[in-house]
Amino acid sequence: MTGKLFDVPRRALAGLCALLALAGVIMLTAMADSTMQPLPASAPDGEFSAERALRHLERFATEPRPIGSRAGERARDYLAGQLRAAGLDVRVQRAIGANTSAGLASFGQVDNIVATAKGSDPTGTVVIAAHYDSAAMGPGASDDAAAVAAMLETVRALKGTALRNDLVLLMSDGEEDGVLGAEAFVREHPLGRKGGVLLNWEARGVSGPSLMFQTSRNNAGLVETFADAVPHPRGDSTMGELYRLLPNNTDFTPMAESGFTGMNFAYIEGSSRYHTADDSLAHLDRGSLQHHGSNMLALTRTLGRADLEALDADHDLTYFRIFGTMVTYPNALVWPLAGLAAAAVAGLAVLARRRRLLSLPRLAVAAASGVVPLLLAAALAQGLWEVLVAWRPAYDGMGGLLHRPQAFQAAVVILAALALLCWYLPLRRRLGPAALAVGALAWPAALGLLCAQVAPGMSYVLTLPALFCALGGTAAIRLRGAARQVAVLQVTAVTLGAVVAAALLPALARTAFDGMGLALGGVPALVLAVFGLTVLPIAELCLPERRQSLVPLAAAGLAVLLVPIGLARDGFDPANPLRTHLAYVMDADTRTASWVSADAEPPAWTRRYVSGHDTTPLPPGYARGTSLWTGRAPAAAGAAEPRVTVLGRDGDTVRLRVTAGRAARSVTLRVERPIAAAAAAADGLTPVSVDVTGVRSNTWPGEIRFRGLPDTGAEISLRVPGADRFRLTAVAETDGLQRVPGFVPRPKGVVAATREDGDLVAVTRTYEISAR
């Protein structure tokens, strides 16, 4: 019993029509997920205008604004002034923010802008949040100045609107260095401890729709409000589940952990510009700014007038868009739907067995072997990335977020198809097309059940395709007959069954490409392979009667051909620049200086400064990584130098006074022994202490950072268990390399890499800390 689910005359034409129909669904889904058209400054006063918001960006988002920088101070003063002019009560919260990761304690002096407007009859507080600092490498027009400008335009559009609830606008500082401002807000500020409904706004690219990609737990009331209030809602619960699994965080993270409920928004396309000099006004998509602001204004109006206590819920919703409509349902339906999909696949198997289209042993083998194309597709996509990095090492520093990745993304699609063909064709004659088609559906059904347990909001993207494809296959079998009209109905039934898969799975793969890049190309490849499993009956119609082995050969050839095409198309130029890392390091104890680069293969400009891998001239504990490029450099006169004074020692805990000179923005302390705790204090600010676990990799095991270091310095305490003596290297960090003798600025088409120690003048001193 090795039959087909159905067969039709003129099968190739029927299959082509079906595939074209599914391709149309994919295209329409992509078009429906587009962003908004920007409104001009002449738009009505009560509407959000991207052009009006852009005027604010032109005032404060044209230069980098890292924490503690003069540009950050100018932005703070401008933003606070605009909020005061709009009639809000504005305070600047100066505090020390703190964060930890493996072996690292991060501190920073932050200046949070907190603006408030009292509601007429408040049921709670609505908090609109975005950060006004940027990464040191670029002006951060999208990340996150666009959201900050949207806040100013939203306040303007709300003028004259009576809000029931209290409104707080939080423009936080220090987000890029570990969400320091948000952490300080929830720990020290009365409004941070009070809680409320939070709307946080971010960007991980320079274009694309504003996506609601994360919510707090028990989100039913919030999601329903979002779906009803926002004119162009985008985002789905799959993104929220994936984000919870990733090690990323935004200001939303510490605020949600402290008790805020809310939603997190970002646009993520054009991510090759992220954290670089190209995150600029020139590259900002005005439609993305409009989408951010229109959503912000609509939600502020709705939540500002709502009974916020009524939004409390005891469950989450699954939510997603399909065919332009936002679908929501309670997670209580996740398990029933997953079970229904599994039952539908089982029912299809029983029907096919009764019609003698397959045997149970063959079906079991087909289902068990279905994991092969999934794993093979992911492996081939990851292998493609390794090939690209080997061919063009500069890609490694981009983290897979390339300027023009379309040819490579097409190659991933072809490789996913190749993985399916390499599995399907050898087994087709032995097991039969019906067994393979039904067995393939067992995988999205089974994965839907798994997600129902571990990631309920993601289950729909697997459960619904399995359910509808099984129903389409069942209808096709029941319609078996010789009449041409019956054949048309069979093809129609299977195609309609695959429409949901075509609307959901390729869109998820596209989001994975935008958010994760080709460095994690195995993820979208896996999703595409699942999509391929759902459309096997249609693919069967398109296979030639003879020489079917030529099909995978053609697919492999096309995938190989797309690689040089992609490399040629994605070359670096002034519009799509190359990234390179360079830092200047001087040991103030020996007066020796070095250029340092972490590039895998430094480009010609960087080769002016580095020539080999000799790290012995570097200060103790400075080297981070095993393949640094280095070169001799002249000593820089007048560079800010760190000073560390031991104030006292109590057992394993050492108290230090750390200064770095007026020009230095930050100081880093690297410790040759693991640290278990750290604390920081500065004049007039509340001290902060944190526990530290783990160790730093590829450098000394303990590290403490203080960003935005006051001119008067800071008091740092660290606990180093079991160490009577240890060395500590202090690094004073100053932005920019222009003052280093002999430095020649980067040419057009070359920008600073995103590594945090790049484009810094780092001056070090090493200290021996003893028991006495």
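So, disulfides: counting a pair of cysteine sulfur atoms within 2.5 Å as one, the total here is zero disulfides. Take cysteine 17, which is in no disulfide: the nearest cysteine sulfur belongs to cysteine 542 and sits 9.4 Å away. Cysteine 469 is in no disulfide either, and there the nearest cysteine sulfur, again that of cysteine 542, is 15 Å away.

Quick word on what we're looking at. This is a predicted model, where local features need pLDDT of at least 70 and side-chain atom pairs count only at pLDDT 80 or more, while totals for chains, interfaces and linings use all residues. Residues are numbered from 1 along each chain as its sequence is written, and side-chain values use heavy atoms, with hydrogens and water left out.

Okay, are those cysteines buried, exposed or in between? Buried means under 20% relative accessible area, exposed over 50%, and partly exposed in between, with a 1.4 Å probe and protein chains only. Cysteine 469 is buried at 8%, and cysteine 17 is partly exposed at 45%.

Now the sheet. Strands are DSSP runs of E, at least two residues, numbered from the N terminus, and two of them pair if DSSP finds at least two bridges between them. We've got an open sheet of five strands, antiparallel, in the order 14-15-20-17-18. Strand 14 (643–650) and strand 18 (688–691) are the edges, each pairing on one side only. From one strand to the next the twist averages 20°, with axes being lines fitted to C-alpha atoms and angles running from 0 to 180 degrees between N-to-C directions.

Arginine 649 stands opposite valine 654 of strand 15.

Key:
Helix = DSSP H or I, 4+ residues; strand = E, 2+ residues; numbered from the N terminus.
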